[in-house]
Each structure stands twice: as C-alpha cells, then as structure tokens.
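Okay, thanks everyone, let me get this up on the screen.

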Amino acid sequence: MDRIRIVGGNQLNGVIPISGAKNAALPLMIASLLTDDTLTLENVPHLADVEQLIRILGNHGADISVNGRRERQGESYARTIHFTSRNIVSTTAPYELVSKMRASFWVIGPLLAREGKARVSLPGGCAIGTRPVDLFIEGLTALGANIEIDGGYVNATAPAGGLIGGRYVFPKVSVGATHVLMMAATLANGTTVIGNAAREPEVADLAKCLNAMGAKISGAGTGTITIEGVRSLSGARHRVLPDRIETGTYAMAVAMTGGDVILEDTDPSLLDTALEAIRRAGAEISATNSGIRIVRNGPGIRPVDIVTDPFPGFPTDLQAQFMGLMTKAGGVSHITETIFENRFMHVQELARLGARISLAGQTAKIEGVSRLKGAPVMATDLRASVSLVIAGLAAEGETMVSRVYHLDRGFERLEEKLTRCGAHVERVSD
Ligand code: EPZ
C-alpha cells in the first residue's frame, strides 16, 4: 500500500494549479442520470472518488468516455468526461458500490425522478460521524415519494404520474440532501420550494448545470431554492468550479511553511471565511487575475480561533488542515466542530508529531509549539490525512503518512503539486 514520505523544513514557492472541485463533480456526474442526452463535464479532477462514481453510474447504464476515449485510458489533468444515460438499465445501487462512498447514495434523486423508483443501499463514506439519511427521506417524501427501509436498502417509489412539486424546509442544513431534492424536483409535476437549503457554492454549480440542461431553478446559493418542474432535461456542457477545499488546503500549507505561492485557476470568493482566518494567522493573501497569491515571510503563525459552520461559515472540510496550521502558532487557539460529531481523528496523529492538543466535547484547544518532529502517522479520513501532510511539511525530519488511499480520494496529484513548489514529498510504494 502506498505511503507518502515528507521531509519537512522547506518553504513553498511557485505555482499550484487548483483542480475542479470533487464535491461539485460528484453531484454533477450524478445529474447526468436525469437525461437520456449527453452531459459533458469539463475540469473533472482525477480522483479515486470520481473513478468510483464512474463505476456506479456505469452500473445504472451510463455510457462514459473520457476526453473522447474510453474510461481508464485518459490520464490527463482536468479531464473532460462525457456521460450518456440513454437507458437506465438498473435502478438499484448495491451495497458493494454505495458503501465505499457516501455521495453515491445521491443517485436516489435522479433515479426516482426519471424512472419512478430507486433501491439504494444505505451509504458508507468517511468515518467522521453517524451521517444519517433522514433528511433525504423527509425531503423526497414531501415530493410524494413513498419510502421504506428494508434490509439495509432505501426503497423509494414515486406516485404513478411522477413526483409532485412540494415544499420542504430542512430542519438542519445538508449539502447532500439539498443536491438530491433539487435534482429530484427538476422533473416533478409543479413547483418545489426548498427552505433552509445548503448555500454551498457546489449547490449553485449544480443548479447552473441543471439550468443549462433545461431545468428551471432559481435561488440556488441562497437559503431558499425554487424549482419549477419540467417534462424532461437535455444534455449540456458544463465546467466544474474550482475546488475551494483544495485551495484552502494549499493556502494553509503555505501559511505553515512560509513562502510565496500563486494558487492558479481558483476564486477567492469561494472561501472568504477561511482566507480571512489564514490572514489573521499572519499570511498575506491577494487576488490575482486567475486565482490567489499567498505569502508568509518573517513573523511566525498567530493563533486564531475558528468554529465550523455551513457555507458561508468556516468549512468543516478545512478544519483539520487549520488545526495542522495552529499546531505551530505562537499561542493558544480553539477549534470548534459543529457539523460532524466525530471529526477530530487527526488530533492523536498530530500529537505524534509533537502537537499539543486537548479535546473537550466539540472543541479542541491547541497550544502552539515552536517545533514539530517528523514521525510515522496514519491517515484516517480524507481531510485529516492532508492535515498530517501540512504538519509534516513544517516538521523536522521525516514524516511517513500511511493509508494514503484516503488522500487519493480528494487531492489530485498532491505530491507533484507540492514538490514543484520546493517541498520534499514523495510517494513510496511497498
Ligand atoms: C458534504 O457531505 C460533503 N461531501 C462533505 O465533504 C462535507 O463535509 C459536508 O457536505 C459538509 O459540508 C460531498 O459534497 C461529496 P451534509 P454531506 O449532509 O452532504 C447531518 C469531504 O471531505 N445529516 O451537509 O454528506 C450529517 O450527519 C466530505 O470532501 C443528517 O443528520 O454532508 C452532518 O452532521 C466529507 N441527516 C450534517 O447533517 C441527513 O439526512 C451535514 O451533513 C443528512 C445529513
């Protein structure tokens, strides 16, 4: 199994290209099931999660080609992928496939809307909390679906004439359930209004693509989304928006090591709150024509308290990385996680590098140390694993990160991007 070996101590200087957003690409790919026409997505990152979803969509009958070639032959960066689901050959998403990635559960929306039924295994995914599906069930029920859970599967059926537009106010913000309800409502009879919707940029990106396919969605990116159902959707061509989590991760890496890096092909407005926290930690951040420049020279890292929140708050997907940065701050900081109940698994691994962190409920107290020391550490989930990379870049000596498959789920060519900026990072295959 691959490991990542980091020899810490180098500053980062240079240019890092930011990939398309994993968390936008996944729902966009799933949206292709809504039409029998071809949906072409540009700027799709090459990640294990994308490959897994390609397998899942293939199981439902999607014909998928990469850059005009068949899947698996295309190894290029920022791929263009064509998805054509002329016929849905199966409305079942089996446990073997869904258990590997939570987002694959989201096929329930398009399958139910287009075929009137779906049988989808309860999901798996990162071990960061219980992550139930009650909001999906309530939301789809509000569109007239009949839903039963049986033998680990969610069985959903639409009324004879198809889903019916309805009104649903989420009791809690959910990105995935907002995606699913929005997709399902595009083909419902009548108008749907979603209240307390997730406002994440990936929701707005999905709505933009669905509208290009002929849907009638307004308000995506705000707390209230209105969807006027249409009879059918057509194909479209859509470019996946930049990955704000990858952007924030590299910005934090530069703040950690010091240096001067341009993050290219990204947009600072996607992560204002996180960039503000990095600024307060002592880095200079400015917008460039096509991205962000981040510089930290001289003074050390300042402690900053953060609380995770749904967009536009500080993203939970950058919490671990920010903790990595705070391990070397000149003072005490506090990080409170409000989205997931078990997203602190990086704490004990960061401690192996010499970090001083204590946990009280959902808040971590980080007492910054002047030096971290390299050690063997283990990746436990996607974002936790990259926080270990950030800490390793500033630790003395060698840090060996095992279980790298977590990183490969969400960071495209991480070692290449960092090495080009002067870091000593390599993949070691056993
Ligand atoms: C999306 O997950 C992201 N995944 C996550 O990124 C991200 O951490 C999360 O949103 C929050 O921003 C993708 O976009 C593929 P949620 P999602 O539904 O949609 C609870 C990463 O590292 N909840 O917004 O699954 C849930 O347990 C991943 O890239 C219910 O209670 O998250 C959580 O506490 C990890 N019932 C909260 O809502 C439900 O039916 C928010 O989860 C659904 C969710």
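So, there's an open sheet of 4 strands, ordered S2-S16-S18-S17, with mixed pairing; strands are DSSP E runs of at least two residues, helices H or I runs of at least four, numbered from the N terminus, and pairing takes at least two DSSP bridges between strands. At the edges sit S2 (12-17) and S17 (284-287), each pairing on one side only. Strand to strand, the twist averages 10°.

Helix H8 (residues 244-257) packs on that sheet and touches S2, S16 (259-264) and S18, its direction at about 20° to that of S18. Contact there is heavy atoms within 4.5 Å; the angles are between N-to-C directions, from 0 to 180 degrees, with axes fitted to C-alpha atoms, for helices over the stretch in contact.

Quick caveat: this is a predicted model, with local features needing pLDDT of at least 70 and side-chain atom pairs 80 or more, while totals for chains, interfaces and linings use all residues. Numbering runs from 1 along each chain as its sequence is written, and side-chain values use heavy atoms, leaving out hydrogens and water.

Most residues other than glycine have a negative phi, and most peptide bonds are trans. Asparagine 196, though, has phi near 50°, in the loop between S12 (191-195) and H7. Aspartate 265 has phi near 65°, in the loop between S16 and H9 (272-280). Both are partly exposed, meaning 20% to 50% relative accessible area with a 1.4 Å probe, protein chains only: 32% for asparagine 196 and 43% for aspartate 265.

Last one: the peptide bond from phenylalanine 311 to proline 312 is cis, omega near 10°.
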